[in-house]
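Dear colleague,

I am handing over the structure below. My notes on it follow.

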Amino acid sequence: DILLTQSPAILSVSPGERVSFSCRASQSIGTSIHWYQQRTNGSPRLLIKYASESISGIPSRFSGSGSGTDFTLSINSVESEDIADYYCQQSNSWPTTFGAGTKLELK
Amino acid sequence: DVQLQESGPGLVKPSQSLSLTCTVTGYSITSDYAWNWIRQFPGNKLEWMGYISYSGSTSYNPSLKSRISITRDTSKNQFFLQLNSVTTEDTATYYCARFYYGYYFDYWGQGTTLTVSS
């Protein structure tokens with residue numbers, strides 16, 4: 001199975017700051033990476049598909065980049081509602097797998 | 001709008017079988033896509049368990065070996081998870097979700113918590 005390593009485990013930010021989350025795959029997966037947000041007691045919500053493609057209804061401050069093995073999710077100007085866990089998922093190789101997540105918290 | 005809703009017993013004893021139901025509204029599970037079970041363990045690790053496609057074919061995570069079965073009732077627009085011989089390691093929140101052509105999960109249920117304990 002493809003291992004997705006997310007770093008750091010925890011990110012502390014102030015509102016208005018730019019923040020980036022990293023997801024590294026154990027082998028090249030093209031752009032077959034997707035990002036999810038999970039708020040406390042909520043279900044995962046799709047944020048970005050295929051590394052950088054936007055999702056309808058998701059604020060434009062969320063963006064993604066990367067290909068091959070290294071991927072990044074960025075939030076341009078963090079808002080308090082962005083406090084959540086963030087996960088990456090790969091669909092290049094069966095079975096699909098998820099990263100362990102990065103927790104975004106307020107300073 | 002597509003909505004998924006899980007339901008289940010909440011508590012199961014070790015060695016028993018767990019059965020969960022996902023009720024889908026706003027879309028027919030026989031029209032398209034694959035309909036999945038995903039679980040999230042304490043500590044938040046997410047694991048894809050398997051799916052049943054719109055045509056009725058199934059695919060399972062090899063890690064679950066022969067313990068898992070996903071079936072459906074098309075008349076009720078529901079699909080089901082059965083996991084046999086559960087242990088405390090199966091304690092998790094179980095989600096059902098729609099798989100967009102095998103790529104990403106675009107609709108999720110709210111999750112149901114299952115505890116395995118005697």
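For the charges in these notes, Lys and Arg count as positive and Asp and Glu as negative, while His and the chain ends are not counted. The place of a charge is taken as NZ of Lys, CZ of Arg, CG of Asp or CD of Glu. On that basis, the mean positions of the 8 positive and 8 negative charges of chain B lie 8 Å apart. In chain A, the 8 positive and 9 negative charges have mean positions 2 Å apart.

Two remarks on how to read the rest. This is a predicted model, in which local features need pLDDT of at least 70 and side-chain atom pairs count only at pLDDT 80 or more, whereas totals for chains, interfaces and linings use all residues. Residues are numbered from 1 along each chain as its sequence is written, chains are lettered from A and ligands numbered from 1 in the order in which they are written, and side-chain values use heavy atoms, with hydrogens and water left out.

Chain A

Chain A has 0 helices and 11 strands; helices (H or I, at least four residues) and strands (E, at least two) are DSSP runs, numbered from the N terminus. Its elements, from the N terminus on, run β-β-β-β-β-β-β-β-β-β-β. The radius of gyration of chain A is 13 Å, which agrees with the value near 13 Å for a compact globule of 107 residues. That radius is taken over C-alpha atoms, and the globule rule is 2.2 Å times the number of residues to the power 0.38. Along the principal axes, the C-alpha atoms of chain A fill a box of roughly 35 × 25 × 25 Å.

Of the 107 residues in chain A, 48% are buried. Buried means under 20% relative accessible area, exposed over 50%, and partly exposed in between (1.4 Å probe, protein chains only). The accessible surface of chain A is about 4,800 Å², and 45% of it belongs to carbon and sulfur atoms. Accessible areas come from the Shrake-Rupley method with a 1.4 Å probe; for residues, only the protein chains shown count as cover. Among contacts (heavy atoms within 4.5 Å) in chain A between residues at least 6 apart in sequence, 57% join residues at least 24 apart.

One residue of chain A can be looked at in detail. A:Ile29 sits in the loop between β3 and β4 (33–38) of chain A. A:Ile29 counts as buried because its relative accessibility is 1%. Setting aside neighbours within four places in sequence, A:Ile29 is in contact with A:Ile2, A:Leu4, A:Gly68, A:Phe71, A:Gln90 and A:Asn92. One of these, A:Gly68, is 39 residues from A:Ile29 along the chain, yet their C-alpha atoms are separated by 5.2 Å.

Chain B

Chain B also comes to 0 helices and 11 strands, in the pattern β-β-β-β-β-β-β-β-β-β-β along the sequence. Its radius of gyration is 13 Å, close to the 13 Å that the globule rule gives for 118 residues, so chain B is as compact as a globular protein of that length. The box filled by its C-alpha atoms along the principal axes is roughly 40 × 25 × 25 Å.

Buried residues account for 47% of the 118 residues in chain B. The chain has an accessible surface of about 5,300 Å², with 45% belonging to carbon and sulfur atoms. Among contacts in chain B between residues at least 6 apart in sequence, 52% join residues at least 24 apart.

B:Ser53 belongs to strand β5 (residues 46–53) of chain B. With a relative accessible area of 8%, B:Ser53 is buried. Not counting residues up to four places away in sequence, B:Ser53 touches B:Tyr33, B:Ala34 and B:Arg72.

Disulfides

In chain A, A:Cys23 is joined to A:Cys88, with an S to S distance of 2.1 Å. This pair links distant parts of the chain, 65 residues apart: A:Cys23 is in strand β3 (residues 19–25) and A:Cys88 in strand β9 (residues 85–90) of chain A. The torsion about their S-S bond is about 80°, so the disulfide is right-handed. Both A:Cys23 and A:Cys88 are buried.

In chain B, the disulfide is formed by B:Cys22 and B:Cys96, whose sulfur atoms are 2.1 Å apart. B:Cys22 lies in strand β3 (residues 18–25) and B:Cys96 in strand β9 (residues 92–100) of chain B, so the pair ties together parts that are 74 residues apart in sequence. This disulfide is right-handed because the torsion about the S-S bond of B:Cys22 and B:Cys96 is about 70°. B:Cys22 is buried at 0% relative accessibility, and B:Cys96 is buried at 0%.

Regards

Note on methods. A disulfide is a pair of cysteine sulfur atoms within 2.5 Å.
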